[in-house]
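This briefing is meant to be read alongside the sequence and the coordinates shown next. It begins with a pair of packed helices and then turns to cores, individual residues and backbone geometry.

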Amino acid sequence: MGGMDLLVTSWCNGVQTLPENYIMPPERRPDNFSICTNIPVVDLAQESSHGRTDLLEQIMKASQEYGVFQVINHGISEEMMSEAISLNKEFFLMPAEEKAGFYCEDFYHNIRLYTSGYNYYAEEVHYWKDTLKLPCNPLESHLHSWPQRPHRYREVVGPYTVEVRKLTMRILELIGEGLGLEVGYFKEERSSGHGLVINYYPPCPEPSLALGIGAHCDAYLITLIQQNNYGLQITKKDGEWVGIDPLPDAFVVMIANQLQVISNGKLRSAEHRGVTNLDSDRVSIVNFFGPSKECLIEPAKVLVSTNNPPRFRSFKYIEFLEHYMACLANKDLRLETTLRPYELQT
């Protein structure tokens, strides 16, 4: 079996037991499927009202404690979000020959349909998911190479990414204000990168033995996720895995590695993973936002003082990406592993 035949969607229908090479070792199996009711839900309707101070406090507390929060009343229509989910699900469920042109085993290829993780052939055990990766910014430079099928895919998902980018810049501005940074701190090169990854997790015959995606932190600045069913889990500070309730029409906002550095460790990059479901599939639309490769990353100067020295050294983002890829190849994307080389002794 190889190529398109490796996609989980190519062979999973009717499978009653998990194939041996998808069974996680005991220490990696998801033994907690509980939903955390304490993950803050931020109502962006307060953004321009007298509730703005409370809104900023809520965002800061969530970003420090969990590295994650959900946003509602964000301005992206229910119809657009629903269509984005349904069209992406339809893409994965198309016959193999209709999506074969996007299948690629080169991790660095801009557009890529693949299965499991970083390198299927180097894995001892595989993840129960298929993935489509698409470049987004600037959209006009990439949209022509996106899938044309299903019908209206480009017409819906393209504008969707534009709206998600606008929302992300609003959220970054609020985070900057909460940290005490100057207006526009995250504009231009600190947030010029934008990638779209859509993960599809088919129903899994034995969810307690499998993983959709393993534990990791994101290399970028910030991540926005739309999900249609339960499956996203994060670690709390005590190391316990807890699930995030997929609220209708909400986006999950995740702090990523570069924001932890820029905030001088005040904000927490969220370590997360994906679990599977027995009776329902799951679509996860993930928008990543990060700096340009040559962007210098360091703790913001206004957050550093004699009493609060820098906790991270400065580096170019491309240097961090190279280190992150080495961690990925070693199958270890934990927070302490990805950020350790940049920490300063204080």
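The axes of helix α2 (residues 52-65) and α6 come within 9 Å and cross at roughly 90 degrees, where axes are lines fitted to C-alpha atoms, for helices over the stretch in contact, and angles run from 0 to 180 degrees between N-to-C directions. That angle makes α2 roughly perpendicular to α6, given that angles under 35 degrees count as roughly parallel, over 145 as roughly antiparallel, 65 to 115 as roughly perpendicular and the rest as oblique. This is a predicted model, in which local features need pLDDT of at least 70 and side-chain atom pairs count only at pLDDT 80 or more, while totals for chains, interfaces and linings use all residues. Residues are numbered from 1 along each chain as its sequence is written, and side-chain values use heavy atoms, with hydrogens and water left out.

**Packing of α2 against α6**

- On the α2 side the contact (heavy atoms within 4.5 Å) is made by Arg52, Leu55, Leu56, Ile59 and Met60, and on the α6 side by Leu174, Ile175, Glu177, Gly178 and Leu179.
- Sorted by class, this contact of α2 with α6 has 7 nonpolar, 1 polar and 2 charged residues; here Ala, Val, Leu, Ile, Met, Phe, Trp, Tyr, Cys and Pro count as nonpolar, Asp, Glu, Lys and Arg as charged, and the others, Gly among them, as polar.
- Helices (H or I, at least four residues) and strands (E, at least two) are DSSP runs, numbered from the N terminus.

**Nonpolar cores**

- Of the 87 residues in the largest nonpolar core, Trp146, Ile171, Ile175, Ile198, Ile222, Phe251 and Leu259 touch the most other members, and helix α6 (residues 153-179) gives the most to this core, with 11 residues.
- A nonpolar core is a set of buried Ala, Val, Leu, Ile, Met, Phe, Trp, Tyr and Cys residues joined through side-chain atoms within 4.5 Å, and buried means under 20% relative accessible area, exposed over 50% and partly exposed in between (1.4 Å probe, protein chains only).
- A second, separate core of 15 residues includes Tyr66, Val197, Ile225 and Val286.
- Not counting residues up to four places away in sequence, Ile222 touches Thr168, Ile171, Leu172 and Ile175, together with Val253, Met254, Ala256, Leu259, Asn287, Phe288 and Phe289.

- Gly290, found in strand β12 (residues 282-290), is buried, with a relative accessible area of 4%.
- Although Gly290 and Ile222 are 68 residues apart in sequence, their C-alpha atoms are 6.9 Å apart in space.
- Leaving aside neighbours within four places in sequence, Gly290 is in contact with Glu189, Arg190, Ser191, Ser192, Gly193, Tyr220 and Leu221.
- Ala62, which has its place in helix α2, counts as buried at 1% relative accessibility, and Ala62 touches Pro40, Gly67, Val68 and Phe69, not counting residues up to four places away in sequence.
- Ala62 and Arg268 are 206 residues apart in sequence and 9.1 Å apart in space, C-alpha to C-alpha.

**Helix lengths and buried positions**

- The 27 residues of α6 reach 38 Å from first C-alpha to last, close to the 39 Å expected at 1.5 Å a residue, the expected span being 1.5 Å times one less than the number of residues.
- Helix α8 (residues 317-329), with 13 residues, should span 18 Å and has end C-alpha atoms 18 Å apart.
- The buried residues of α8, among them Tyr317, Phe320, Leu321 and His323, pack against β6 (213-216), α7 (257-262), β13 (296-297), β14 (315-316) and α9 (335-339).

**Backbone geometry**

- Most residues other than glycine have a negative phi, and most peptide bonds are trans.
- The peptide bond from Asn137 to Pro138 is cis, with omega near 0 degrees, and Pro138 lies in the loop between β4 (130-135) and α5 (139-142).
- A cis peptide bond also joins Arg149 and Pro150, with omega about 5 degrees, and Pro150 has its place in the loop between α5 and α6.
- Glu188, in the loop between α6 and β5 (193-201), has a positive phi near 60 degrees and counts as exposed at 67% relative accessibility.
- Asp249, in the loop between β9 (241-243) and β10 (251-255), has a positive phi near 65 degrees and counts as partly exposed at 33% relative accessibility.
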